[in-house]
Amino acid sequence: MQKTNKRVGLALGSGGMRGMAHIGVLQVLEEAGIPIDLISGASVGAFFGAAYAAEMDLYALGTFAQFLGRRDVLDVPHPFRSGLLSGNKFLRLCRIVTNDRSFSETCIPFWCSAVELDTGETHYLHEGSLSQAVRASISIPGLLRPVRLNGHTYIDGGTVEELPIDVLRRNGADVVIAVDLSIGPAYQSKRENVRRVLFRSVDIMRAAMNRLTPKPADVLIRPDVSFMGQIIPHDAARSIQVGRAAASAALPAIRDALGI
């Protein structure tokens, strides 16, 4: 690991199954010896951020991702309530990649964002069960059931803030590296169905938020994940390689920001 006097924060953004690109980014940062002192994540960024903070082997994680199928993530609730999927399978995956650890058992400080349904406020979860907090953060409205946790009902952390950068600044990060999975407003849909319309609407909303709220990251990594859908696992290997390529291209800027 390369030496720097600066505390480095890593913010992993939302984006559903496009988040597999985060694995490639994390692999390259680790291989390059870039120190990560703090980490945060929104939605799928929380999933992979928690796995990293819980010391999940990144190459085992990449193999794990490539074997995921729709049966591993899709679980329609009976009766139907507040979401097309119950999210129990996602919770099981969260427990696997975090080894069912708590926040107090992570190797580096970790925060994940979730939005309180009643107030619309963003909360940065930092205590208790990692898997429960991550499951709250990935509660995509209309798709995954909201999560009741510590007296609050939570939906997807990316609903309001795609990249949880400020929480890293407030907790002492001198340099923030952020991984943005948004694909922008211009995107050709292959066909229209309920799921595609729902996710495309989320993409448009997030693109509008990005224009209104500049990302105050020192280095922004943007893998081209436009080939990936948001909910059905596929092309994991390609997504990981895209993440690796984007992170490798960003290494000179990262080293410059860190003075190494």
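**Reading a predicted protein model by its definitions**

Student: How many disulfides does the structure hold, and how do you know that?

Tutor: The structure holds 0 disulfides. A disulfide is a pair of cysteine sulfur atoms within 2.5 Å. For cysteine 94, the nearest cysteine sulfur is that of cysteine 112, 9.2 Å away, so cysteine 94 is in no disulfide. Cysteine 112 is likewise in no disulfide, with the sulfur of cysteine 94 at 9.2 Å. Before we go on, this is a predicted model: local features need pLDDT of at least 70, side-chain atom pairs count only at pLDDT 80 or more, and totals for chains, interfaces and linings use all residues. Residues are numbered from 1 along each chain as its sequence is written, and side-chain values use heavy atoms, with hydrogens and water left out.

Student: What is pLDDT, and what is its mean for the protein?

Tutor: It is the predictor's confidence in each residue, from 0 to 100. The mean pLDDT of the protein is 86, and 81% of its residues reach 70 or more. Where pLDDT is low, the predicted coordinates should not be read in detail.

Student: Why is cysteine 94 called buried?

Tutor: Buried means under 20% relative accessible area, exposed means over 50%, and partly exposed is in between (1.4 Å probe, protein chains only). Cysteine 94 has 1% relative accessibility, so it counts as buried. Cysteine 112 counts as buried too, at 0%. Of the 260 residues of the protein, 55% count as buried.

Student: Where is serine 137 found, and is serine 137 buried or exposed?

Tutor: Serine 137 is found in helix H6, residues 130-137. Its relative accessible area is 0%, so serine 137 is buried. In H6, 7 of the 8 residues are buried, including Leu130, Val134 and Arg135.

Student: What does serine 137 touch?

Tutor: Contact means heavy atoms within 4.5 Å. Not counting residues up to four places away in sequence, serine 137 touches several residues, among them Ser43, Ala46, Cys112 and Asp156. A polar atom of the side chain of serine 137 lies 2.8 Å from the backbone nitrogen of serine 43. Ala46 belongs to the buried residues of H2, a helix of residues 44-53 in which 10 of 10 residues are buried.

Student: Why is strand E7 called largely enclosed?

Tutor: In E7 (residues 175-179), 5 of the 5 residues are buried, so the strand is largely enclosed by the rest of the structure. In a regular strand the side chains alternate between the two faces of the sheet. Val175, Ile177 and Val179 point one way from E7, and Val176 and Ala178 the other way.

Student: How do you know that E7 pairs with E1 and E8?

Tutor: Two strands pair if DSSP finds at least two bridges between them. E1 (residues 8-12) and E7 have 5 bridges, in the parallel sense, and valine 8 has valine 175 as its bridge partner. E7 and E8 (residues 219-221) run parallel and are joined by 3 bridges, with isoleucine 177 opposite valine 219.

Student: What makes the contact of threonine 153 with arginine 148 a polar contact?

Tutor: A polar contact is a pair of N or O atoms within 3.5 Å; within protein, one must be able to donate a hydrogen and the other to accept it, and residues adjacent in sequence count only if both atoms are side-chain atoms. The side chains of threonine 153 and arginine 148 make such a contact at 2.9 Å. Threonine 153 is found in strand E6, residues 152-156, and arginine 148 is also the bridge partner of threonine 153. Strand E5 (residues 147-149) and E6 pair in the antiparallel sense over 3 bridges, forming a hairpin with 2 residues between them.

Student: Is threonine 153 buried or exposed?

Tutor: Threonine 153 has 18% relative accessibility, so it counts as buried. In E6, 4 of the 5 residues are buried, so that strand is largely enclosed by the rest of the structure.
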